[in-house]
Amino acid sequence: MLAAVLCLAASCEKKYITEEYITEYHSNVTTFDIRIAPTDWLREQGAQEPGSTNYLYYIYSSPEFSKDVMKNGAVVAYIYTLYDVNAQQGAWNLLPYVYPLEMTEEGKITIIPETIRCEWEEGKITFVIQDLDGYAPLNVNETLLMRVSVIL
């Protein structure tokens, strides 16, 4: 048994990802930030009932979302959120991201899960904010910072 393990271990080869490897196989990653102001969001307004199409969206156009990326690549997006407003400390969160929105109505606190996601196609990426209950989400009142990595 020990001989078999030693034989297998001796045959393992370490592979290192180097710039030459990336260049040879044409791997490419482009990363950029997108700031979305509160006034940039558009609203899709459906009926005010669960399951309806109520959401906010923002479309960002870029040639980075090419046919090659559609066929052989990937797009990964993040949102930057503050977890300590006083210290201005935050973290990047992978999309889709679900966060609890706390609302007070008639003295009663309700927590509504909000989701932000992205959809991409050739030439553009669309960010979508939607309540999980199907009702219209509240307006965004601050600039949101997104980071997008296009991998080919």
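A salt bridge is taken here as a side-chain nitrogen of Lys or Arg within 4 Å of a carboxyl oxygen of Asp or Glu. By this criterion the structure holds 2 salt bridges. The structure is a predicted model, in which local features need pLDDT of at least 70 and side-chain atom pairs count only at pLDDT 80 or more, whereas totals for chains, interfaces and linings use all residues. Residues are numbered from 1 along each chain as its sequence is written, and side-chain values use heavy atoms, with hydrogens and water left out.

The chain contains 3 helices and 9 strands; helices (H or I, at least four residues) and strands (E, at least two) are DSSP runs numbered from the N terminus. Read from the N terminus, the elements follow the order α-α-β-β-β-α-β-β-β-β-β-β. Of the 152 residues in the chain, 24% are buried, where buried means under 20% relative accessible area, exposed means over 50%, and partly exposed lies in between (1.4 Å probe, protein chains only). Among contacts (heavy atoms within 4.5 Å) with a separation of 6 or more, 59% are between residues 24 or more positions apart.

An open sheet is formed by 4 strands in the order β1-β9-β4-β5, with antiparallel pairing; two strands pair if DSSP finds at least two bridges between them. Strands β1 and β5 (89-94) are the edge strands, each pairing on one side only. Neighbouring strands of the sheet are turned by 25° against each other on average, direction ignored; axes are lines fitted to C-alpha atoms, for helices over the stretch in contact, and angles run from 0 to 180 degrees between N-to-C directions. The antiparallel strands β4 and β5 are joined by 6 bridges. Y80 has W92 in β5 as its bridge partner.

The largest nonpolar core comprises 21 residues, of which I34, W41, I116, F127, L144, M146 and V148 touch the most other members. A nonpolar core is a set of buried Ala, Val, Leu, Ile, Met, Phe, Trp, Tyr and Cys residues joined through side-chain atoms within 4.5 Å. At least two residues of this core come from each of β1 (29-36), β3 (55-61), β4 (74-84), β8 (124-131) and β9 (144-151). Strand β9 supplies the largest share, 4 residues. Apart from neighbours within four places in sequence, L144 is in contact with I34, R35, I36, W41, I79, I116 and I129.

Side chains of opposite charge can pair when their charged atoms come close. R147 and D33 form a salt bridge in which the closest N and O atoms are 2.7 Å apart. This pair links distant parts of the chain, with R147 in strand β9 and D33 in strand β1, 114 residues apart. R147 counts as partly exposed, at 28% relative accessibility, and D33 is likewise partly exposed at 39%. A salt bridge also joins the side chains of R117 and E119 (3.3 Å, N to O). R117 is partly exposed at 26% relative accessibility, and E119 is partly exposed at 42%.

E114 lies in strand β7 (residues 108-121). E114 is buried but has no salt bridge, and the nearest side chain of opposite charge, R43, is 8.7 Å away; Lys and Arg count as positive and Asp and Glu as negative, while His and the chain ends are not counted. Neighbours within four places in sequence set aside, the contacts of E114 are Y97, V98, Y99, L101, I129, Q130, D131, P137 and L138.
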